[in-house]
Amino acid sequence: MIPYVARRLLMVFPTLVGVMLIVFFLTFTIGNPAVLLVPAEAEPADIARVEAALGLDQPIPVQFAKYLGRIVRLDFGTSFYSDGPAMQLVLSRLPATLQLSLAAAVIAVMIGVPAGLFGALWRGRAADMFLSASVLFGMSIPNFWLGLVLIIFFGVQLKLLPISGMGTIKHLVLPSITLATGMLASIARLIRNDLLDVLGADFIRTAQAKGVGRAAVFVRHALKNSLSPVITLVGLQLGALLGGAIVTESVFAWPGVGRFILQSIERRDYPVVQAATFVLAVIFILTNLVIDVICARLDPRIVYD
Amino acid sequence: MTSVIRRLARNPLFLTGVIFLLPILVFAVGAQWIAPHDPHEQVLSLRLTPPASQKGGNPAYLLGTDGLGRDLLSRVIYGARVSLLIGLAVVTISGLIGTAIGVTAGYFGGLVDTLIMRVIDTFLAFPFLLLALAVMAVLKPGLWNLIMVLALTGWVPYARVARIRTRTLRGVEFVEAAVALAASSARIVNRHVLPNISSSLVIIACMEVGAAILAESTLSFLGLGIRPDIPTWGMTLNEGRGYLLFAWWPTTIPGIFILLTVFGINMVGDGIRDATDPRSRH
C-alpha cells in the first residue's frame, strides 16, 4: 500500500511540471502587460521602464529559469494590479470556490446516484426512458445560460433568491444548482450503465441461482461493484467543475478563483493567472490521487504494482 | 451495415434527435433564404420588441428584437450556420489528432506510450476552458483560431479510447498473425486496427460535436469567440445580458437553440451507440 502511494505521488511531478510549462507558455502569449499598465499617452521609454521593473525585458529562457526557481518556493511574484503576492490573492479567494464546488458536488451526487440507480432498476420501462432523456437533456444545457435563466426566473420575476454575490446560504442556491447540472447528469448516466453491465455478469447469476433475494443481489453484489468507477468519475469531473466555476462565478459575481482568473486574463495579470492555474491543477491532481488510493482499497482487483 | 441502419430507423432516441436537428440543419444551409430580416439590420425604434406571442409583440419579429433592434429570429438562424460549422470542423480535426496519438501510444507501447500518457494526464489536470480562454485572449478573434483552439483542447477523449482499444487489439490473434506474416506497422494499423476501433471513435465524435458547440458558445458568451460581425448564439446571448432585468428574450431564446441542438446531437449519438453496441441488443 505505502509503496503504491509513494509511486503515485512520484507520478504527480511530471504532470505538475507539464502544467507549469503550459501555464508559462500561455502567459507569454497573452500579450504585453506593460502596455496595459501605463496610460495611453505614455512614451515608449515609459513602457520600457515598466517592462524592466517587471523583469519582462529579459530573454524568455532566463525568465523561465527564474519562474521555475520561484515556483519551487511557491512564490509567483506580485500581482501587477493589486500590491499583494499573487499566491495570497488566489488563496484568499479559494474558500469561496471550494464552497461552491463542494455544494455542487453534493447536489450532483445526492440526485445523480439515485437517478442512475432507479434507471438501472427500471431498465426499459417508461420511468427509465424518462430518466435517461432527462440526463441527456441535463448534459446538453449550456451552463451560463442555465445560470441566466435561473436569475431571470427566481431572482427577477419571483424575487425569491439573490442573484449575485456571496454571503447567506440563499446566495449559494442558484450558483450551486447551475454548476451541479452537468456533473449530476454524468454521474446518473455512468451509474445506470455501469450497474446494467454488472447485473449481466456471471457472479450476479450465481447469486440469483443460490436464491439470494432481488434487493440483496442489487445492493450487496451489484452496487458494491460499481462504486469505484463512480468515485473515479467524481474525481475526474472535478476538473470540469473547477472549469465550470469560471463561468458560473462570473455569471453570479461569486468572489472565487474562477472569476478572478477571468478578470486577471483580461488585465494580463500574469502572476495571478499562473498562481491560480497552479492551485487549481494541484487541487485536481491531489484529489484524483486520493481517489485512486481509496479505489485501490475498496477494490481488491486493483494491484498495487 | 444494413442491420445497423434498420436498428437506427427503429431507435426512438435517434429519430427524436434527427427531428430536433433537421430544422437547425435547414437553417444552417438556407439561412439567407429563410431569415425574414438581415441579421445586422438595426431598427432602433423597435428596440427590445418582445416575441410576437407576448404583449407588445410585433408579428414581423416572431421572436422579438435585441437591444439594437435586430431581429432575433434572423440572428438565431444565421447562428445555426456558425455553430454547426464549428462543431463539425472541431470534431474532424481533434478526432484525427487524437486517433493518431492514441493509436501510436497503444500500438508501440513502452516509452512512447508512457510519454503520451503523461501528456494526456497533463491535459486532464488542466481545466480546458482556462486553456481555451487564455489562447483566445491572445489570438485575434476569428473563426479558424477558435476552431484550432477547441481542437487543440478536444483531442484527449479520442486519444484515450484509441489507445486502450489498440492495446487490446495488439494481443488478438489476427493482429499477431499479421505481425507473423511480416506485415508493416502501417499496414497493420490501416487494415486491422483502424477498422476495428472506428465505431467507438464515431460515437465519441457524435458526443463531441455537442461539446464543441457548447464550448464555442461559452467562449463567445465570455466575449472571446469569433469576430463580432458574425452573429453566433453565444454572442447574441451575451449581448442580451445587459437587458436581463427587464427583457428575458434576448438571453433566453439563443440559449434554447443551443440547448435543443446539443440535445438533438446527444440523442443521435446515443442512438448510434445503442444500434452499434452488441451489448445493448436484447
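In chain A, 13 helices and zero strands are found, and the order of elements from the N terminus is accordingly α-α-α-α-α-α-α-α-α-α-α-α-α. The C-alpha trace of chain A extends over about 85 × 55 × 30 Å along its principal axes, and of the 305 residues in this chain 37% count as buried. Among the contacts in chain A with a separation of 6 or more, 72% are accounted for by residues 24 or more positions apart. The mean pLDDT of chain A is 81, with 92% of the residues scoring at least 70. Within chain A, the lowest mean pLDDT of any element, 66, belongs to helix α2 (residues 33-37), whereas the highest, 90, belongs to helix α5 (residues 86-121). Where pLDDT is low, the predicted coordinates should not be read in detail.

Chain B is made up of eleven helices and zero strands. Its C-alpha trace spans about 75 × 45 × 30 Å along the principal axes, and 49% of the 282 residues of chain B count as buried. For chain B, residues 24 or more positions apart account for 72% of the contacts with a separation of 6 or more.

The interface between the chains brings 35 residues of chain A into contact with 37 residues of chain B. On the side of chain A that touches chain B, the elements giving two or more residues are α1 (2-30), α6 (126-140), α7 (143-157), α11 (227-251), α12 (257-266) and α13 (270-298) of chain A. Of these, α1(A) provides the largest share, eight residues. By class, this side of chain A comprises 27 nonpolar, eight polar and no charged residues.

The largest nonpolar core holds 146 residues, of which A:Val90, A:Ala276, B:Ala132 and B:Leu133 touch the most other members. Helix α9 (residues 185-221) of chain B gives the largest share of this core, with 16 residues. When neighbours within four places in sequence are left aside, B:Ala132 is in contact with B:Val149, B:Leu150, B:Thr153, B:Ala215 and B:Leu219. The C-alpha atoms of A:Phe260 and A:Glu249 are 8.9 Å apart in space, with the two residues eleven apart in sequence.

In chain A, the axes of α6(A) and helix α8 (residues 169-199) come within 8 Å and cross at roughly 145°, the crossing being left-handed. On the α6(A) side this contact is made by A:Val135, A:Gly138 and A:Met139, and on the α8(A) side by A:Thr181, A:Gly182, A:Leu184, A:Ala185, A:Ser186, A:Ala188 and A:Arg189. The residues of this contact divide into five nonpolar, four polar and one charged.

In chain B, helix α2 (residues 12-34) and helix α11 (residues 249-276) have axes that come within 7 Å and cross at roughly 145°, again in a left-handed crossing. Contributors from α2(B) include B:Leu13, B:Phe14, B:Phe20 and B:Ile24, while those from α11(B) include B:Leu260, B:Phe263, B:Met267 and B:Asp270. This contact of α2(B) with α11(B) comprises 13 nonpolar, five polar and two charged residues.

Also in chain B, helix α3 (residues 72-108) packs with α9(B) at an angle of about 140°, the axes lying 7 Å apart, but here the crossing is right-handed. Among the residues that meet are B:Ser83, B:Ile86, B:Gly95 and B:Tyr107 in α3(B) and B:Ser185, B:Val189, B:Glu208 and B:Glu216 in α9(B). The contact of α3(B) with α9(B) has 13 nonpolar, five polar and two charged residues.

Notes. Residues are numbered from 1 along each chain as its sequence is written. Chains are lettered from A and ligands numbered from 1 in the order in which they are written. This is a predicted model: local features need pLDDT of at least 70, side-chain atom pairs count only at pLDDT 80 or more; totals for chains, interfaces and linings use all residues. Axes are lines fitted to C-alpha atoms, for helices over the stretch in contact, and angles run from 0 to 180 degrees between N-to-C directions. Helices (H or I, at least four residues) and strands (E, at least two) are DSSP runs, numbered from the N terminus. A crossing is left-handed if the near helix is turned anticlockwise from the far one by less than a right angle, and right-handed if clockwise. Two residues are in contact if their C-beta atoms, placed from the backbone, lie within 7 Å. Ala, Val, Leu, Ile, Met, Phe, Trp, Tyr, Cys and Pro count as nonpolar, Asp, Glu, Lys and Arg as charged, and the others, Gly among them, as polar. A nonpolar core is a set of buried Ala, Val, Leu, Ile, Met, Phe, Trp, Tyr and Cys residues joined through C-beta atoms within 7 Å. A residue is buried if 20 or more other C-beta atoms lie within 10 Å of its own, exposed if 12 or fewer, and partly exposed in between; C-beta atoms are placed from the backbone. pLDDT is the predictor's confidence in each residue, from 0 to 100.
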